[in-house]
Amino acid sequence: MLVLALDTATPTLVVGLAEVTSTRVEGALLLPAQRTVEVLAERALPSGNRHAELLTPAIREVLAEGGVAMRQVDSFVVGLGPGPFTGLRVGVVTAAALGDAIGTTVYGVCSLDAVGDGARSVVTDARRKEVHWATYGADGERLTGPGVDRPEDAPVTDPVVGDVRFTERLGREVVAAEVTTAGLLRAAVPLFDRPPAALEPLYLRRPDAVPSVTRKPVSQ
């Protein structure tokens with residue numbers, strides 16, 4: 001099956017096309033963890049606040065490189081964050097719209113699950129001088145998080161991967177790592193045997209913009 005994966009939860013926009021295959025043994029599918037994932041094409045673009053501008057062209061480039069038309073995509077995978085409100089919303093809404101347009105499933109995964117592998121802690125920029133974090137066991141399963149804290153208060157343990165800019169404030173070495181297509185698929189494959197859940201972005205914080213509660217006088 002062909003899967004288009006995308007993530008806009010971090011300053012690096014990721015779009016990738018992968019083929020997921022399952023081997024049959026005596027007529028039964030193997031467990032999801034035994035599926036094979038081959039990344040056919042990928043784009044990882046420093047995007048800052050330009051997710052909306054860069055996402056659609058990146059999707060087109062990846063599909064063209066893989067020689068695949070949008071209607072041939074069997075499923076979508078999208079990173080649900082945690083991440084900044086506006087950038088994260090771009091990816092989630094785009095994946096939902098594409099899935100609806102061609103009538104196929106969309107699976108959401110925690111974006112931190114797609115950073116690194118094995119036993120680790122993951123930290124990414126949450127802005128406001130804070131980090132998003134999560135910790136993982138040797139089998140790669142998430143143990144705690146996702147959460148958002150000041151780096152000094154984040155309950156992480158070595159090894160730490162993610163945004164190296166927080167090395168000093170964490171007081172620990174941080175190995176550079178980002179969301180990847182392979183990571184998104186690794187997190188999503190166990191979900192493929194279940195009905196897709198609702199896409200609920202992991203904002204973890206309220207948006208900066210809030211409705212005004214001050215009433216302005218009406219001019220006569």
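Me: What relative accessibility does R128 have in this structure?
Reply: R128 has a relative accessibility of 47%, so the residue counts as partly exposed, a class that lies between buried (under 20% relative accessible area) and exposed (over 50%), with a 1.4 Å probe and protein chains only. Please keep in mind that this is a predicted model, in which local features need pLDDT of at least 70 and side-chain atom pairs count only at pLDDT 80 or more, while totals for chains, interfaces and linings use all residues. Residues are numbered from 1 along each chain as its sequence is written, and side-chain values use heavy atoms, with hydrogens and water left out.

Me: OK, and where does R128 lie?
Reply: R128 is part of the loop between β8 and β9, and it has a positive phi of about 55° although it is not a glycine. R127 also has a positive phi, of about 65°, without being a glycine, but R127 belongs to strand β8 and is partly exposed at 40% relative accessibility.

Me: Stepping back, how many helices and strands are there?
Reply: The protein has four helices and twelve strands, taken as DSSP runs numbered from the N terminus (helices are H or I with at least four residues, strands are E with at least two). Of its 220 residues, 42% count as buried. Among contacts (heavy atoms within 4.5 Å) between residues at least 6 apart in sequence, 60% join residues at least 24 apart.

Me: Which way do β9 and β10 run?
Reply: Strand β9 (residues 130-136) and strand β10 (residues 142-149) run antiparallel and are joined by five bridges, where pairing takes at least two bridges found by DSSP. H132 stands opposite V148 in β10, and in the hairpin, which has five residues between the strands, G140 takes a positive phi near 85°.

Me: Switching to charges, how many salt bridges does the structure hold?
Reply: It holds eleven, each with a side-chain nitrogen of Lys or Arg within 4 Å of a carboxyl oxygen of Asp or Glu. One of them joins R142 and D113, at 2.9 Å from N to O. That pair links distant parts of the chain, since R142 is in strand β10 and D113 is in the loop between β7 (105-109) and β8 (120-127), 29 residues apart.

Me: Is D113 buried or exposed there?
Reply: D113 counts as buried, at 15% relative accessibility, whereas R142 is partly exposed at 35%.

Me: Which residues are linked in a network of salt bridges?
Reply: R150, E152, D153 and R169 are linked in such a network. Within it, the side chains of R169 and E152 meet at 2.9 Å, N to O, and they come from distant parts of the chain, with R169 in helix α3 (residues 167-170) and E152 in the loop between β10 and β11 (160-162), 17 residues apart.

Me: What about pockets, what volume does the largest one have?
Reply: The largest pocket has a volume of about 610 Å³, and of the 26 residues that line it, the closest to its centre are G140, E141, R186, A187 and P190. A pocket here is an open set of points on a 1 Å grid over the protein atoms alone, where a 1.4 Å probe fits, with protein on both sides within 12 Å along at least five of seven lines, and lining residues have an atom within 4 Å of a point. The points are joined across faces, edges and corners, and the volume is the space filled by probe spheres set on them.

Me: Which element gives the most to that lining?
Reply: β5 gives the most, with four residues, and β5, β7 and α4 (181-188) each supply at least two.

Me: Why is α4 largely enclosed by the rest of the structure?
Reply: α4 is largely enclosed because six of its eight residues are buried, namely T181, G183, L184, L185, A187 and A188. What covers them includes β1 (2-7), β2 (12-21), β5, β6 (75-79) and β7.
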